[in-house]
Amino acid sequence: MDQEMTSTRARLTTPRAAAVAGILFSVLLIICLVLIRISVPADPRDAGAWLAGSGTNVALALNLLPFSGVAFLWFIGVVRDRLGEHEDRLFATVFLGSGLLFLAMIFASAATAGGVISAFESMPQQMIESGLYGFGRATTYELMNTYAVKMAGVFMISSCTLFLRLKLAPRWMVLLGYVLALCLLLSIGFISWISVVFPLWVLLISVYILIENFRRKAAPGVA
């Protein structure tokens, strides 16, 4: 009896933890992306004029980004724990690997951007004239808008496949995830705001999981 109650509580608590982590990750990452998008020109070949007036917004976004990453790691861990013995090794490996690579890319991008801002503050003229700004700006752009976006698409495809097999999300939500993932994977060049697609999808999934958790908890016969 005690074992059954423990198992029931685990089934109820695990989805809730995943949902909270997913919502926290999504909200923080969306805030970071919005701050960056409204402060930094879309063209990676810009001259760096934004550093003089919008550096504070970008610095705030870069300081929030690690907390978003921690929440995303928690989200991955809790989802894998939820899958348990039903975990498919192939898709679970792609799920975990793409998630970790996505984090690595956005952290590398953030670190490069932070270095550019710090260097500009100490030697603004030399930074622009030496070409270091152009290199750092292009590197940040490629890491975030090419590699990180593609890894986010792979993560969404593997997640949707696992959710579909185990019926952890509605079919329409899974199909939407596939479509959005293909948009991320097949996007060529820069499409404004496309990076926001991934956290919005995680937010949708997380809110659904949280609502379902409370519905099951409130259902008759569930302790």
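**View 1. Lining of the second largest cavity.** L29, L33, F102, M144, A148, V149, A152, L184, S195, F198 and P199 line the second largest cavity of this predicted model, where a cavity is a set of points, on a 1 Å grid over the protein atoms alone, at which a 1.4 Å probe fits but cannot get out, and lining residues have an atom within 4 Å of a point. The space in the second largest cavity is about 60 Å³, a volume being the space filled by probe spheres set on the grid points, which are joined across faces, edges and corners. Residues are numbered from 1 along each chain as its sequence is written. Local features need pLDDT of at least 70 and side-chain atom pairs count only at pLDDT 80 or more, whereas totals for chains, interfaces and linings use all residues, and side-chain values use heavy atoms, with hydrogens and water left out.

**View 2. Helices around the second largest cavity.** Helix 1, helix 5 and helix 7 (197-218) each contribute at least two lining residues, helices being DSSP runs of H or I with at least four residues, numbered from the N terminus. Helix 5 gives the most, with four residues.

**View 3. The largest cavity.** Of the two cavities of 30 Å³ or more in the structure, the largest holds about 380 Å³ of space. Its lining comprises 26 residues, with I36, R37, S109, A113 and T140 nearest the centre.

**View 4. Helices around the largest cavity.** At least two lining residues come from each of helix 1 (2-39), helix 2 (51-83), helix 3 (89-122) and helix 5 (132-166), and helix 5 supplies the largest share, seven residues.

Methods. 1 Å grid on protein atoms, 1.4 Å probe; cavity = no way out; pocket = protein on both sides within 12 Å on 5 of 7 lines; lining within 4 Å.
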